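Work through each task before reading its solution.

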Amino acid sequence: MITKTPKINRRSFVIGSAAVGAGLALGLKIPFGASVVRAQDGSPEINAWVVIRPDDTVVIRIARSEMGQGTLTGLAQMVCEELECDWSKVTTEYPTPGQSVARKRAWGDFSTGGSRGIRMSHEYVRQGGATARVMLVQAAADAWGVPASECSAANSVITHKPSGRTTTYGKVAEAAAKLTPPANVALKDPKDWKLIGKSVKRLDTMPKVTGAQVYGADLKLPGMLNATIKDCPVFGGKVKSFEAAKVTGMPGVRHVVQVGESGVAVVADTWWQAKTALDALPIVWDEGPNAKVSSATIADMLKAGLDADQAFVRNQNGDVKAAIAAAPKKVEAVYAYPFQNHATMEPMNATAKYTPDRCEVWVPTQNGEAAFAATVAASGLPADKCEVYKINLGGGFGRRGAFHDYVTQAVLIAKQIPGTPVKLLWSREEDMTHGRYHPVMQAKLTGALDASGNLTGLHLRLSGQSILTAVFPQFLQDGRDNLVFQGLDPDGDFAFGYSVPNLRIDHAMRNTHVPPGFWRGVNINQNAIFLECFMDELAHAAGQDALEFRRKLMAKHPKHLAVLNAVADRAGWGKPAPQGVYRGLAHMKAFASYVAACAEISVSGGDKVKVHRIVCATDSGYAVNPAQIERQIAGSFVYGLSALFEQECTVKDGRIEQTNFHNYGSMRIAQMPKVESIIMPSGGFWGGVGEPTICVAAPAVLNAFFAATGKRIRTFPLKNHGVTMV
Amino acid sequence: MARLTINGKTHEVNVSPTTPLLWAIREQVGLTGTKYGCGIAQCGSCTVHIDGAAVRSCIVPVAAAEGKKITTIEGLASGGTLHKVQKAWVDHEVPQCGYCQAGMIMAVAALLKDKPKPTDADINAGITNICRCGTFQQVREAIHAAAKA
């Protein structure tokens with residue numbers, strides 16, 4: 001096996017103030033004892049966000065994780081906008097979670113999920129850039145003996161206007177780093193932005209086309225061994241016994257170890273040897289009390305919740321019961337949404353090295369701080385003896401954010417082989433059967449229509465899993481999981497987009513032993529289907545056009561209406577579609593963005609669906625990099641339509657049945673519709689990008705399917721009905 | 001022991017003959033641009049060229065690749081010049097997470113060798129790799145751009 005020093009070691013990792021002594025030991029000059037914080041290459045840190053090298057290279061620190069969504073580039077644009085540096089000289093690096101602890105969270109939250117990367121850190125990263133700019137200009141002014149007010153900065157060059165003298169950021173960085181950072185530097189008015197809002201090229205493309213990009217699965221460390229694991233196939237079960245002697249003589253096998261109560265791993269020279277041996281290893285499981293649970297028993301439990309008296313109420317006005325009882329026309333429908341696996345292209349993995357004095361972990365993670373917490377807990381060492389290095393992710397989609405089960409496992413393995421780095425890589429089969437699944441949910445919707453076809457009452461009852469109960473119970477509110485209601489809230493980032501005189505939206509919580517997780521879009525995926533398909537059902541029952549029916553309920557929701565109108569206009573709603581082509585609409589507010597879609601499909605043989613085109617509009621308030629937003633929209637539709645047509649994780653004997661892409665399908669290019677994006681930022685707020693649009697693809701296609709066939713499908717995925725995407 | 005010719009260089013690899021070529025490439029030769037995604041030839045992340053044809057290396061035993069000309073993503077560019085597919089990928093900013101893209105690029109490079117001016121139907125039939133980020137719209141644009149280059 002070839003080992004080489006991983007790329008990660010060549011990066012200039014951040015070192016803190018405490019390490020300045022080490023800088024001195026390396027011969028770096030720090031005159032007058034000023035406490036300049038230095039990057040590992042000795043370049044001065046202007047502040048936590050910005051390091052400037054003597055050659056004018058600007059290193060921008062990014063705390064959030066890049067997993068394809070473009071946040072690395074977007075966040076760098078935001079710092080650069082205020083820093084007034086030369087974009088062509090920008091490079092980025094990740095601070096480590098250990099340094100974050102040592103520096104009292106100087107970079108804020110590392111968590112990269114919930115479409116928060118930009119919308120939750122735009123202010124302080126811009127402030128970081130602005131503060132650094134003021135310090136650099138001040139340093140130049142001091143050197144020239146002129147007032148800073150006579151100097152300006154652009155493209156990494158500082159100019160003293162009266163004299164015409166110029167200098168560069170690289171030349172004044174040392175002096176700037178010694179200045180006391182000014183407080184409350186004013187940020188630019190959005191109308192003055194030059195870089196935010198521009199489709200500049202991503203910073204991370206080149207290594208991804210040459211094979212040079214190192215992902216967690218690719219990591220190599222000197223002396224490293226490779227491991228793969230089987231955890232009990234039934235969630236909550238344990239290892240009873242295993243016969244290590246049957247495989248210890250197989251090629252390359254070094255160790256066969258139990259991992260916690262529920263896992264067994266083989267550690268070998270190579271991963272293929274480890275997997276071959278693990279497949280041959282006899283393991284007996286204590287499957288525990290969940291071994292009889294099946295999809296049918298779970299569905300029955302949820303079904304009982306649809307009519308249960310007790311439910312958590314989230315959004316309510318008027319008297320829905322009375323309105324429904326008095327209505328001349330009542331419409332009712334029951335929908336069901338399945339468990340789904342994230343199926344990131346890169347299976348879960350982590351590399352750990354443990355000694356009694358130090359535990360280090362290299363891991364592709366959406367949340368370095370959570371990976372760090374898992375490392376501290378599993379190692380049993382104090383935080384100052386632990387470190388986590390973030391490696392590029394081969395997809396995240398929520399699987400690698402709140403959950404670091406693979407980190408815990410890697411550390412528990414490494415602890416049994418002190419001093420030897422061990423890379424744990426799951427097989428696809430392990431990944432498919434040990435996910436943190438999209439929550440399972442049913443919904444019963446009841447609508448009341450008056451004689452003129454106006455919607456006078458709506459009851460939306462959800463019945464199913466609560467992610468927060470399983471993952472973050474501290475965020476429940478009197479037992480209620482508000483996250484369940486994404487897109488159905490009375491107001492805020494997930495506000496319901498209709499005014500209905502009598503309304504009740506509630507949740508009968510029904511939890512299962514299958515662990516739920518945050519899956520791109522989280523609960524908007526099913527909520528958008530439930531709500532927007534039912535709105536179509538109501539419009540049909542009222543004999544009204546689906547767009548007009550919605551519009552009447554949206555007068556008080558102008559931003560929702562604006563995106564809906566935008567897709568209807570672009571798609572030509574109300575005008576004849578091409579022969580055989582049918583349209584469907586959907587809209588939602590999610591993660592603070594307003595999104596809408598109009599799908600155009602045709603259906604052959606009653607069950608072969610061709611999605612020709614989807615027009616999508618999004619108002620995310622501000623649009624930092626429109627080209628990347630377009631890619632997120634198109635990509636989210638691939639994720640969402642794969643889920644709609646092909647993806648379900650079924651439960652039998654307490655375990656997940658699907659094991660790989662042959663029985664858990666994902667879209668191919670042949671099925672890809674033409675996606676037309678309308679990016680319409682209206683300003684004044686910051687909405688998310690990576691997730692919101694995912695939720696409108698499925699209901700728009702389903703509504704078009706009804707238009708084409710007269711059939712409503714209310715349980716998913718569509719393959720269960722023989723309906724396929726061509 | 002098997003003798004593999006990869007990107008013009010000969011490597012002696014000490015593995016059992018049934019070891020999938022993917023793992024010999026990644027673990028013995030040390031070229032990690034070729035990815036493990038599924039291990040059952042479903043996703044295409046492990047696509048390499050064997051004698052110019054795109055194959056999914058996760059199901060090809062090392063023994064079957066001996067004596068053949070293997071090209072991985074690391075060997076696609078010639079000298080310092082990117083292959084036209086890689087160039088189109090950069091110009092159109094195709095990759096998101098990028099994990100599947102090496103396999104995607106290798107599949108497309110082989111397609112363009114067979115069909116220098118592919119139609120959309122050719123692309124649909126010839127490119128069946130999975131991309132969970134969903135880059136297909138850019139993939140299609142970039143294929144047409146590479147065909148014109």
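Two residues are in contact if their C-beta atoms, placed from the backbone, lie within 7 Å. This is a predicted model, in which local features need pLDDT of at least 70, side-chain atom pairs count only at pLDDT 80 or more, and totals for chains, interfaces and linings use all residues. Residues are numbered from 1 along each chain as its sequence is written, while chains are lettered from A and ligands numbered from 1 in the order in which they are written.

**Exercise 1.** Describe the side of chain A that touches chain B.

Step 1. Contacts join 48 residues of chain A to 48 residues of chain B.

Step 2. Helix 6 (206-210), helix 7 (271-280) and helix 17 (626-646) of chain A each supply at least two residues of this side; helices (H or I, at least four residues) and strands (E, at least two) are DSSP runs, numbered from the N terminus.

Step 3. Helix 17 of chain A gives the largest share, eight residues.

Step 4. By class, this side of chain A has 23 nonpolar, 16 polar and nine charged residues. Here Ala, Val, Leu, Ile, Met, Phe, Trp, Tyr, Cys and Pro count as nonpolar, Asp, Glu, Lys and Arg as charged, and the others, Gly among them, as polar.

**Exercise 2.** Describe how domain 1 of chain B touches domain 2 of chain B.

Step 1. Chain B is divided into domain 1 (2-75) and domain 2 (84-148), with bounds from an automatic or database domain assignment.

Step 2. Taken over C-alpha atoms, the centres of the two domains of chain B are separated by 21 Å.

Step 3. In domain 1 of chain B, 16 residues are in contact with 13 residues of domain 2 of chain B.

Step 4. On the domain 1 side, strand 3 (47-50) and strand 4 (53-56) of chain B each supply at least two residues, and strand 3 of chain B has the largest share, three residues.
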